[in-house]
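Trainee: I am new to this structure. Can we go through the terms and what stands behind them?

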Amino acid sequence: MPAPIRLRELIRTIRTARTQAEEREMIQKECAAIRSSFREEDNTYRCRNVAKLLYMHMLGYPAHFGQLECLKLIASQKFTDKRIGYLGAMLLLDERQDVHLLMTNCIKNDLNHSTQYVQGLALCTLGCMGSSEMCRDLAGEVEKLLKTSNSYLRKKAALCAVHVIRKVPELMEMFLPATKNLLSEKNHGVLHTSVVLLTEMCERSPDMLAHFRKLVPQLVRILKNLIMSGYSPEHDVSGISDPFLQVRILRLLRILGKSDDDSSEAMNDILAQVATNTETSKNVGNAILYETVLTIMDIKSESGLRVLAINILGRFLLNNDKNIRYVALTSLLKTVQTDHNAVQRHRSTIVDCLKDLDVSIKRRAMELSFALVNGNNIRGMMKELLYFLDSCDPEFKADCASGVFLAAEKYAPSKRWHIDTIMRVLTTAGSYVRDDSVPNLIQLITNSVEMHAYTVQRLYKALLDDISQQPLVQVASWCIGEYGDLLVSGQCEEEEPIQVTEDEVLDVLEGLLVSNLSTPVTRGYALTAIMKLSTRFSSVNRIKKVVSIYGSSIDVELQQRAVEYNALFKKYDHMRPALLERMPIMEKTATNGPTEIVQTNGETEPSVVESKHPPPVTQPTNQVTLISQSFNYLLLLTLCLGIPPMTAYNKNGLKIDFTFERANPNPNIAVITIHASNSTEADMTDFVFQAAVPKTFQLQLLSPSSNVVPALNQGTVTQVIRVLNPQKQQLRMRIKLTYTLKGSAVQDLAEVNNFPPQSWQ
Amino acid sequence: MMRFLLLFSRQGKLRLQKWFTPIPEREKKKIIREMTTMVLARQPRSCNFLHWKDLKIIYKRYASLYFCLAIENHENELLALEVIHRYVELLDKYFGNVCELDIIFNFEKAYFILDEFLLGGEIQETSKQIVNRCIESSDMLQEDDSSEWYEVELFG
């Protein structure tokens, strides 16, 4: 049996493969060889074979048949075997496999091995992938090693303890005694990992946090030494001594100082020192400054220190390094709520970042800009933001447009400015505007009474230029329908009124109906607008013609509208002016709370909700139902028929409505249809409706549609009543209702006296 | 803490993967695909930070290799850049002017070095010299072993 090929030879061979298929073939061949070698329980070459398997695993091929072999390697006495075995365990095994529990004993033995590098391997593996059970079993060993004087092992044990605590938080207490002298270590590795361990404990337990607050002076001292000490070759990074340790200490100080006046005061000086003395020419210095700023902002620092921190961020914004600018914008976004004025001072720099080439920076700058808009700077800021809206990538346009609308609504200096701003957004980013903006804008325009003529004129002119942007077209159609009369009469005060005839306006609206660019929703808007103009324009015949044409449109929505409008012209012309008159000022109904803008188009990847940032742009969603768009068809029908429906009875979940018709040919007979509905959770069975009328009337009750009224308003029972009223007396009725609900019989009597006059006159 | 570290070439070939939390194999493959796509699509002069799910992705290109480190949201991204840089320096010292081929042919060494620098998603040693010394000592232990088996060369 020839020796299995060496690892590096295998790598070389596989790399010569010219196609995926060729590679796969080589791999399969080698895997087969490795498998048979494993079967033969070959100790000599196990290590080599597992190493090869790990390589192939990295290329994406399955390697699960090597899992047990890793365990055998770990159990071996040879260091080489253990090294590869543990590596294999970390790569191929995780707590989802039962196999890995078998490691526990090996690890336990190796934790007590005479060679520190073997102990190190065990600690590393446990700290990387130990399951909760393993952690429970081995926590004691880790705790022992945490107290050793061997700094190589102590630092690893500290991080292993962190892992144990993450997996089994209840075990945290047992590590407390061992933490006693951790910070007196001189060894930086131990110091660093100790700070990590302390941080983990403080983050998880308020008691621990309180307990460790006494360490603040010691931490401050260590940090001071790091800054003041001279050059230390072992830990130097670009002239800074152990930046990793500095940052970790700053973070622990942040946690200890938060909401605690005394601790915060104890660290004020050192924070100021770090903030002013750290070299900022390289990334490493800025990393420390960044952490310092985060700490200053989080603890109870004095205001001078806070201003210093914000100024550091301001300087970051001017740095050539993109990463630093990005980090500054992110941090400013976090602090803008609490230190608004300080951040305002850097507004112009922030606005400049809108022009940055980097997508991530642009997005942060946009969010921050919106957060900084207020009554004083609205005009200037809006100019910049609108310019940004013009030139930014499509992924930003929706959010930016929404932000502009919101800011304009909050801080508009004048109605005209507001309308102009809206127009600007609609014309430049019209296709990206969110759907719910359309009803919001319509409401806004309706309520700006004095601007109607100006608005409709500007919207009309915009339509002449471009009908491709649907939100713009929809708002414009709606306005023309409402205010078309102002448009043709040339009443605009704000700017030069344009000369436009009724026919020209109707041309434009009809153009929308036939254009391929218009969506079905837009067509609906256009048709309704045309209809509304029938009460505002004199060219009614033209409008009638258009409406009747669309009565046979294949678009069901459009067809239904056209048919209804036709009905308005034909039978119910007397209703038309009332129905189509000017909309009243709308009340804002339900306002949902501020919603975070989800970055649906952030950077280059799918949506991420910034859970750490306060909502930078909020969008209240108003439920505005535009009556002119969503006709209540039942209401319309009955309105057209002249007699409004009424509710005769409404009790215990049973509701009975009456609708009316005049019977032909006898006008003395009122035909009433009852509609019974049931809002309770159970059906009403054996439902019987009975009615009685005064002697001068005659009553005929036809068969009901059913005697089960379905629960939860899922259907109605109808029944027709014919009432003869030759003496045209006021109609009165007594009704009796019986039904069974949830097993018990219910009976009720009621008088119905609220008949509308038209029903009996 | 750090969640994972990936090294991949400009063609998207994986050269090293270190995971600090337990993740199913299929999920790992998916993440690797997403990371390589995202990072390779970045413009040359963009900033080195990305957002992905609830993590920050810090990436940096060194010669033909991309180093991609995922950290939790509250971690310091500027320091993460230093972590990547420190790892590159360690590799460089060990291999002497390290290049991608070194990492391909000696991937297990790259892991050993990483395991002396990071542990459980945190930094375990901040001194370059100490890490290098440990690796050298461990390597010597290995040679001690193989001297008993002189006819068998375990790593070609």
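Trainee: Why is B:Lys53 called partly exposed?

Mentor: Its relative accessibility is 44%. Buried means under 20% relative accessible area, exposed over 50%, and partly exposed lies in between (1.4 Å probe, protein chains only). B:Lys53 therefore counts as partly exposed.

Trainee: What should I know about the model itself?

Mentor: It is a predicted model: local features need pLDDT of at least 70, side-chain atom pairs count only at pLDDT 80 or more, and totals for chains, interfaces and linings use all residues. Residues are numbered from 1 along each chain as its sequence is written, chains are lettered from A and ligands numbered from 1 in the order in which they are written, and side-chain values use heavy atoms, with hydrogens and water left out.

Trainee: What makes the phi of B:Lys53 worth a remark?

Mentor: Phi is near 50° there, a positive value in a residue other than glycine. Most residues other than glycine have a negative phi. B:Lys53 sits in the loop between S3 and strand S4 (55-62) of chain B. Helices (H or I, at least four residues) and strands (E, at least two) are DSSP runs, numbered from the N terminus.

Trainee: Where does A:Glu41 lie?

Mentor: In the loop between helix H2 (20-39) and helix H3 (43-58) of chain A. A:Glu41 is not a glycine, yet its phi is positive, about 55°. Its relative accessibility is 45%, so A:Glu41 counts as partly exposed.

Trainee: How much area do chain B and chain A bury between them?

Mentor: About 7100 Å², 58% of it on carbon and sulfur atoms. Buried area is the accessible area (1.4 Å probe) that two parts lose on being put together, summed over both. B:His51, B:Leu78 and B:Phe105 supply 10% of the area that chain B buries against chain A, more than any other three residues.

Trainee: What makes B:Glu122 and A:Arg166 a salt bridge?

Mentor: The rule asks for a side-chain nitrogen of Lys or Arg within 4 Å of a carboxyl oxygen of Asp or Glu. Here the closest N and O atoms are 2.8 Å apart, and the pair forms a salt bridge. Across the interface of chain B and chain A, the rule finds eight salt bridges.
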